[in-house]
Amino acid sequence: MIIAIDIGNTNIVLACTEGKDILFQERISTDLQKTDLEHAISIKTILELHHIRPEAVTGAIISSVVPPITDLIRRGLQKVTGLRDVMVVGPGIKTGLNILMDNPAQVGSDLIVGAVAGIAEYRLPLVIVDMGTATTICVIDENRNYIGGMILPGLSVSLNSLTSATSQLPRISLDPPRRLIGKNTIDGMKSGVLYGHASCLDGMIGRIEDELGQSVTCVATGGLAGSVVPLCRREIILDDTLLIKGLQIIYEKNS
């Protein structure tokens, strides 16, 4: 049994896997103020909630786009499980991914992990949309090469920017509006943010297909994907466990 952790700017996803089975997946807030002990307490609590004994954990792997807390969580894991080594996705880790970028070292570990899982799970060429603090769109060609992508403001970032820069627009939830054409300010904001993001994804995927000259498989993951994907006109597969699958594959490659 291994613990797989993906550290994002807004949330940390923690899961336990056994073989190819994902036993559970939980999401907690990313907190830059916590100590390694506080992270250890969070990890221990999650394991207890799922009736998993720390001594049953035989390995662990972390991917992170928040370097200041990566080592804190690694040490927290070690406090809970007693593991001497915790694998961290980065230089020296085998992924099997061929990255055709100007500077492959600049590609975030979360994008690499998602691409590794996508190649293993889905038909190529492939577009992977990860909807978190930022929305990232990654493209993998028919030859299993990571060839690039796009980065745009995430749903929450866009909404926070809208409400903070205007004096009369309120903060709103992200549940779907009752109709596309809003009849009040709140429904108008919901429609603009949610359907606007969905339309953006539809349009970007279409342009990617035009550039590649072929149709693509589309997969979406991330904490906000479930709010947007149902509103898209394109067929997009929702896979909330994509990054955990990728971490499990990378762990096996390096064990």
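I call a residue buried when its relative accessible area is under 20%, exposed when it is over 50%, and partly exposed in between (1.4 Å probe, protein chains only).

**Entry 1. Ground rules.** I am working with a predicted model, in which local features need pLDDT of at least 70 and side-chain atom pairs count only at pLDDT 80 or more, while totals for chains, interfaces and linings use all residues. Residues are numbered from 1 along each chain as its sequence is written, and side-chain values use heavy atoms, with hydrogens and water left out.

**Entry 2. Salt bridges.** I looked for side-chain nitrogens of Lys or Arg within 4 Å of a carboxyl oxygen of Asp or Glu, which is the rule for a salt bridge. The count by this rule is 11.

I began with aspartate 71, which is partly exposed because its relative accessible area is 32%. Its salt-bridge partner is arginine 75, with 2.5 Å between the closest N and O atoms. Arginine 75 is likewise partly exposed, at 31%. Helices here are DSSP runs of H or I with at least four residues, strands are runs of E with at least two, and both are numbered from the N terminus.

I next looked up arginine 53 and glutamate 55, whose side chains form a salt bridge of 3.2 Å, N to O. Both arginine 53 and glutamate 55 are exposed.

Aspartate 239 and lysine 245 form a further salt bridge, with 3.0 Å between the closest N and O atoms. Aspartate 239 is buried, because its relative accessibility is 4%, whereas lysine 245, at 21%, is partly exposed. I also recorded one network in which shared partners link Asp36, Asp71, Arg74 and Arg75.

**Entry 3. The sheet of 6 strands.** I traced an open sheet with the order β6-β9-β8-β7-β10-β11 and mixed pairing. At its edges stand β6 (98–99) and β11 (237–238); each has a single partner strand, so one side of each lacks a neighbour in the sheet. Two strands pair if DSSP finds at least two bridges between them. Strand β9 (residues 145–153) is antiparallel to β8, and 7 bridges join them. Threonine 135 stands opposite leucine 152 of β9. Helix α5 (residues 185–212) packs on this sheet and touches β7, β8, β9 and β10 (217–221); its direction makes about 20° with that of β8. Such angles run from 0 to 180 degrees between N-to-C directions, with axes fitted as lines to C-alpha atoms, for helices over the stretch in contact.

**Entry 4. The sheet of 5 strands.** I found a second open sheet, ordered β3-β2-β1-β4-β5, again with mixed pairing. Its edge strands, β3 (21–29) and β5 (87–88), each pair on one side only. Strands β1 (residues 2–7) and β4 (residues 59–64) are parallel and share 6 bridges. Isoleucine 3 has alanine 60 in β4 as its bridge partner. Helix α1 (residues 36–49) lies across β1, β2 (11–18) and β3, at about 140° to β3.

**Entry 5. Threonine 133.** I located threonine 133 in the loop between β7 (126–131) and β8 (134–140). Which residues does threonine 133 touch, not counting those up to four places away in sequence? They are Asn9, Thr10, Pro153, Gly154 and Val157, where contact means heavy atoms within 4.5 Å. The C-alpha atoms of threonine 133 and glycine 8 are 8.0 Å apart, although 125 residues separate them along the chain.
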